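Open your viewer and keep the selection tool at hand. This tour tells you what to pick next and what is there.

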Amino acid sequence: MSNLEIVLGSVLILFAIAVVMVVLFQEGHERNAGAITGSVGDTYLSRHKSRSIDTFLERWTKVISVGFFLLVILANVLFYFHVFG
C-alpha cells in the first residue's frame, strides 16, 4: 500500500463520518407532530432559529456529500488506471 492510498482512504473515512454526523444533527420533518396533542411551543424565535440551523446543516450535507462522491470517483479512476504501484 502506498502513502497516497493511505491518505486517500483516511480522507474518505473522514468524509463518511462527517456526512453521517451532519445528517444525524438534522431535525426530523415531523417536528410539528406535537400540534395534535397541544404540546406545541412554537414561538417566533424557536421557529426561525431551527430553520436557520436546519438550512445550515442541509447546505453542509450537500457540500460534504458532493465532496465524498467526487473523492470516490477520483479514487476509482486512479485505481482503474493503476496509478498506485
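## A threonine to start with

Select Thr 61. You will find Thr 61 in helix H2. Keep in mind that this is a predicted model. Is Thr 61 buried or exposed? Thr 61 is buried, because its relative accessibility is 16% and buried means under 20%.

Now show what surrounds this residue. Set aside the neighbours within four places in sequence, and Thr 61 is in contact with Val 22, Val 23 and Gln 26.

## Along helix H1

Next, select residues 3–25. This is helix H1, with 23 residues. How far does H1 reach from its first C-alpha to its last? The span is 33 Å, close to the 33 Å expected at 1.5 Å a residue.

Colour the buried residues of H1: Leu 8, Leu 12, Val 19 and Val 22. An α-helix has 3.6 residues a turn, so residues three or four places apart point the same way. Keep that in mind as you look down the helix.

## Two rings side by side

Move to Phe 68 and Phe 69. They form an aromatic pair, one of three such pairs in the count.

Check how open each residue is. Phe 68 is partly exposed, with a relative accessible area of 23%. Phe 69 counts as exposed, because its relative accessibility is 52% and exposed means over 50%.

## A nonpolar patch

Select Val 66, Leu 70, Ile 73, Val 77, Tyr 80, Phe 81 and Val 83. Together they form a nonpolar patch on the surface, with about 750 Å² of accessible area.

Where is Phe 81 found? It sits in the segment after helix H2, which covers 44–80. Phe 81 is exposed, because its relative accessible area is 58% and the cut-off is over 50%.

## Zoom out

Show the whole protein chain. It has two helices and zero strands. Buried residues make up 15% of its 85 residues. The accessible surface comes to about 6900 Å², and 70% of that belongs to carbon and sulfur atoms.

Last, look at contacts across the chain. Take those between residues at least 6 apart in sequence: 85% of them join residues at least 24 apart.

Terms used: Residues are numbered from 1 along each chain as its sequence is written. This is a predicted model: local features need pLDDT of at least 70, side-chain atom pairs count only at pLDDT 80 or more; totals for chains, interfaces and linings use all residues. Side-chain values use heavy atoms; hydrogens and water are left out. Rings of Phe, Tyr and Trp (its six-membered ring) pair if their centres lie within 6.5 Å; planes under 30 degrees apart count as stacked, over 60 as edge-to-face and the rest as tilted. Buried means under 20% relative accessible area, exposed over 50%, partly exposed in between (1.4 Å probe, protein chains only). Patches are made of residues with over 30% relative accessible area and no salt bridge: like charges are joined within 9 Å, nonpolar side chains (Val, Leu, Ile, Met, Phe, Trp, Tyr) within 5 Å. Accessible areas come from the Shrake-Rupley method with a 1.4 Å probe; for residues, only the protein chains shown count as cover. A salt bridge is a side-chain nitrogen of Lys or Arg within 4 Å of a carboxyl oxygen of Asp or Glu. Helices (H or I, at least four residues) and strands (E, at least two) are DSSP runs, numbered from the N terminus. The expected span of a helix is 1.5 Å times one less than its number of residues. Contact means heavy atoms within 4.5 Å.
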